Structures are given as structure tokens and as C-alpha cells.
Number of protein chains: 2
Amino acid sequence: MRLIVARCGVRYTGRLNAVLPESTRLLIFKSDGSVLVHADAGGYKPLNWMTPPTAIEEVDDRIVVRKHAGKAEDRLEIRIVEVLSDVSHEMGEAAGLEKDGVERDLQEALAAGPESLGEELRLVRREWPTDIGPVDLMCRDDADGWVAVEVKRIAGIEAVEQLVRYLERIRLDPARSDCRGVLAAQRFRPQAVTLAESRGIRCVEVDLAVLRGEREPELTLFS
Amino acid sequence: MRLIVARCGVRYTGRLNAVLPESTRLLIFKSDGSVLVHADAGGYKPLNWMTPPTAIEEVDDRIVVRKHAGKAEDRLEIRIVEVLSDVSHEMGEAAGLEKDGVERDLQEALAAGPESLGEELRLVRREWPTDIGPVDLMCRDDADGWVAVEVKRIAGIEAVEQLVRYLERIRLDPARSDCRGVLAAQRFRPQAVTLAESRGIRCVEVDLAVLRGEREPELTLFS
DNA sequence: CGGTAGATTTCGTGA
DNA sequence: TCACGAAGTCTACCG
């Protein structure tokens, strides 16, 4: 990894055109070809960047990073005015990041105990396929009625519409024409609840810690 | 800006829990409170991070970054094993990034020449307000019929549904009950075209360079 | 502060 | 390779 702190200007042409006026920045050249241009503020996002694979060329005060993106070319051109620091570090292998608490974990917990959705449900299968994509959970209720469950960390309007799309497809099959929809999420946007009600979809607020039995159940039911 | 290259392990707790095993990383502490943990590969995205405002505490071999996120707390804990480098740089004010070619530019170009949408249209106004948000362009055709235009760089299913939501609202007004919908984008996902057809929405592929007269027109019309 | 929509979204997965 | 959906999305804008 090479780290350059320099006064420089940057020009990007590719999916769009962007110009970065001359100022002091941090330039990061990773060993996999990644190039990042960071300012001393603005958090998280680089001002400009290029993801691998890249070809890097350095001539005089110019560093040009290229990448083939379809028929066109992505190009990042850095004009160095003054180098304040230029160091390289061997960093070796990077160990992977382990995450827990994403949507998949929610889905797993609900699959393990679908009765957490506030009614007697039996899981038929996870990732139930439809011709436009898989529904997160397909269940049957105590009267053997079909129930399609969409799981989200945060449920907005799109989540409701996604489930509606799936339900349309599922109900095409006469055997499942009465399939109900349930939307489960850790948080609901008010508009999502409103839209879900108008579409006959039940909303259930869930909590991963509760589902795992790590905390007191405090189930909230909408509608 | 402070740059530390160090062998370290990182733990994040907040919206989710994440553990980063011990390895050599680049730690960036920006003057606005941003903290980034980068590996020597993986481009663009930091492995872990915290956006401002943050409170940073450094005790012995531990750096703890805190942030209040609602009722809970976001916490990034860095355990330093070995420091390979630790430097700080004054970088001063950062000049802004100027972009061209984003959706807004596409919208501007279409507003300047709505006939590029393949029929005689007159612009009534940009960002036409509805009670659920603004439609990009509102136009009238040669028969004075209303036409709502949604502009996207890439149009997927969501784009169609967004326009459908707007049309529902617009048509509530008897004066615009016959309002048509047009979806304009540089690229269309196949499913978006299919869904748009079934909803009576016309899709028009546009190109910013062509709209600006910088390249040959090569208009593609779906449906 | 909360919701909506855009982003050079990036990133992973599955067909 | 392409398309689709999640993301600690982040970020700007608007109420």
C-alpha cells in the first residue's frame, strides 16, 4: 500500500465527468490496484476512486489510472503539484470481516421460529422461488393456508411493493390463490404500514435479540 | 489527518456486530471526526468506519470511537498490537468536487428539449409536486394531454413503480385523469421494460451526449 | 429529526 | 456476464 499526501488536482471521466480542484489530499494506492482520493473531511467516501482491475501509469507530475468499463474507458487523472509525503507499506494478507445482524440472520431466526410472527405458522421453505425471484419464507397457517413472508431490516414502501409483486405471482397458481402476505422487519416506515394495510398485508415488528431469546419479547403488531 | 499503519483487530457494535481479526491495516482519522479502517485490498469501501460526529478515546493500545445513534450507541473498538507508522498532516480546506453526467444533468437536458422523448412535448414544469414527492418532468403533448416523465440513469423495476405511484396521485385530479407516463433512462433493465408495458408506460432510451448534440442521435423506443 | 430518492452507489449471489 | 437485491449502505434535499 502506497500512501501519498500531496497538493493535487484530479479529473475523472467515465460513467460521469468530475473535476476536483487543486488542494491537499490523501492518495491511497492499494496492492490490488484500487486507487482512492480522500480529503480530510467528508467521512467514508473517497472524493474520487477507481476499483480494480486498473492500470496505473506515472509520468512526471501525472498519475493516470485506467480501467476498461465495457466499450468506454474509465480514467482517473491526478496532477501532482507538491508531494508532502510518499510512503509504502507491506501489509500482507487481510483476514476477513465477520458480520452478524444483517437481514440474512433475521431470516434465519424467523425460519427457526416462524410462530414469532404472531400466529401459528409452519415453515414450508426458505427462499421459495417465483419467476421474478425468491420469497424469503413460505409458510402455512393452522388452517393450512399459504403465507408468504418478506423479511427486511427496515421496511419502506419498496418492501411492500416487492411483497405485492411476489404475491401476484404466487396467487397465479390456483392452489395458492388465497396466499396471504406478511412483512416482518426490525423497523417500519409509517408509509409502509399504511400501504401494507391497503394491500391486505400484515406487518410484524421483530427484534433479532428477542428472536434469539437474548431479550424479553415485546412483540408489536400493526393492523 | 492522522494516518496510522498498524497491526490491529477491530470490533464494531451498533446497527450490527462485526469483528475484524488481527491484521495490518491503515487507520485514517480525519479532522472532522471520521474514522476509516482500510485493508490493502478490497477497493473503495473501508472494512470498518465511523462517520462524524464521533468521540475518540485513546488509552494504551486501545482506540475507541463512539457515536450516539438514537437510543443505542455505535462503537468502534480498535486494539493496536504493533504500530508501523503514525503520522499527521495539516491538509487545510478542501475545494468541492464538481460532477457532470448525473441524473440531474439528464433531467436538465430533457427539460431543455422534451421532443427528444420521441413525440411533440412541451415542458410545463420540472419537479412537478405531488403529495408523495415530485415528478421529474410534467409535459403536455400536441393534443394538450398530460404526460408525466420520470428520468433515471438506470431504470429498474423500482423506477416503474415510482412512476406508477406518481401517476396514481396525479390522476386523482379530474383535470389530469388521463395523464400518461413516460420513463426515460440511459439504460433499461429488461424486467423494467416488461413491467412498464403492462402498466401502459412508454420507455425511451436516451443518451446525454446525444441530447446535448455532441453525438449522433440513435433513439431507441420500446413498446 | 425523519422520509425520500440518487449514487461513478458498492458488493454479493445466483442463473 | 448480467440482473437483482442488500447495505452498518452514504449522502443530499426537503419537510
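A residue counts as buried if 20 or more other C-beta atoms lie within 10 Å of its own, as exposed if 12 or fewer do, and as partly exposed in between. Keep that in mind for the exercises below, and remember that this is a predicted model.

**Exercise 1. Classify A:Y44 and B:D144 as buried, partly exposed or exposed, and say where each one is found.**

Step 1: Locate A:Y44. Look in the loop between β3 and β4 of chain A.

Step 2: Count its neighbours. A:Y44 has 15 C-beta neighbours inside 10 Å, so this residue is partly exposed.

Step 3: Turn to B:D144, in the loop between β10 (133–141) and β11 (146–155) of chain B. Because B:D144 has 7 C-beta neighbours inside 10 Å, this residue is exposed.

Step 4: Check the backbone angles. Phi is near 35° at A:Y44, a positive value in a residue that is not glycine. For B:D144, also a residue other than glycine, phi is positive too, near 65°.

**Exercise 2. Find the cis peptide bond in chain A, then the one at B:P52 in chain B.**

Step 1: In chain A, go to A:P52 and A:P53, which are joined by a cis peptide bond with omega of about 0°. The loop between β4 and β5 (55–59) of chain A holds A:P53.

Step 2: In chain B, the bond from B:P52 to B:P53 is cis, and its omega is near 0°. B:P53 sits in the loop between β4 (48–50) and β5 (55–59) of chain B.

**Exercise 3. Work out how chain A and chain B are related, and describe their contact.**

Step 1: Superpose the chains. A rotation of 179°, with 0.0 Å of shift along its axis, places chain A on chain B with an RMSD of 0.5 Å. This means that the two are related as by a two-fold axis. Both copies use the same surface, since 100% of the contact residues of chain A recur in chain B.

Step 2: Count the residues. Chain A brings 45 residues to the contact and chain B brings 45 residues.

Step 3: See which elements take part on the side of chain A. Among those supplying at least two residues each are β1 (2–13), β7 (72–88) and α2 (157–170). The greatest share comes from β2(A), with 9 residues.

Step 4: Sort that side by class: 25 residues are nonpolar, 12 polar and 8 charged.

Step 5: β8(A) runs antiparallel to β2 (residues 17–29) of chain B, and 3 bridges join them. Here A:D100 stands opposite B:N17 in β2(B).

**Exercise 4. In the largest nonpolar core, which residues touch the most other members?**

Step 1: Take the 46 residues of this core; A:L27 and B:L27 touch the most other members.

Step 2: Follow B:L27. Neighbours within four places in sequence aside, B:L27 is in contact with B:I4, B:A6, B:V37 and B:I78.

Step 3: Move on to a second, separate core of 33 residues, which includes B:L110, B:L121, B:V160 and B:L167.

**Exercise 5. Describe the surface near DNA strand C by residue and by class.**

Step 1: Assign elements. β4 (48–50) and α3 (190–198) of chain A and α1 (103–112) of chain B each supply at least two residues of this surface.

Step 2: Sort by class. The surface has 9 nonpolar, 9 polar and 7 charged residues.

Technical notes
Residues numbered from 1 in each chain as written. Chains lettered and ligands numbered in written order. Predicted model: local features only at pLDDT ≥ 70, side-chain atom pairs only at ≥ 80, totals over all residues. Near = placed C-beta within 6 Å. Helix = DSSP H or I, 4+ residues; strand = E, 2+ residues; numbered from the N terminus. Nonpolar A, V, L, I, M, F, W, Y, C, P; charged D, E, K, R; others polar. Least-squares fit on C-alpha atoms with pLDDT ≥ 70 in both. Contact = placed C-beta atoms within 7 Å. Pairing = 2+ DSSP bridges. Core = buried A, V, L, I, M, F, W, Y, C linked by C-beta atoms within 7 Å.
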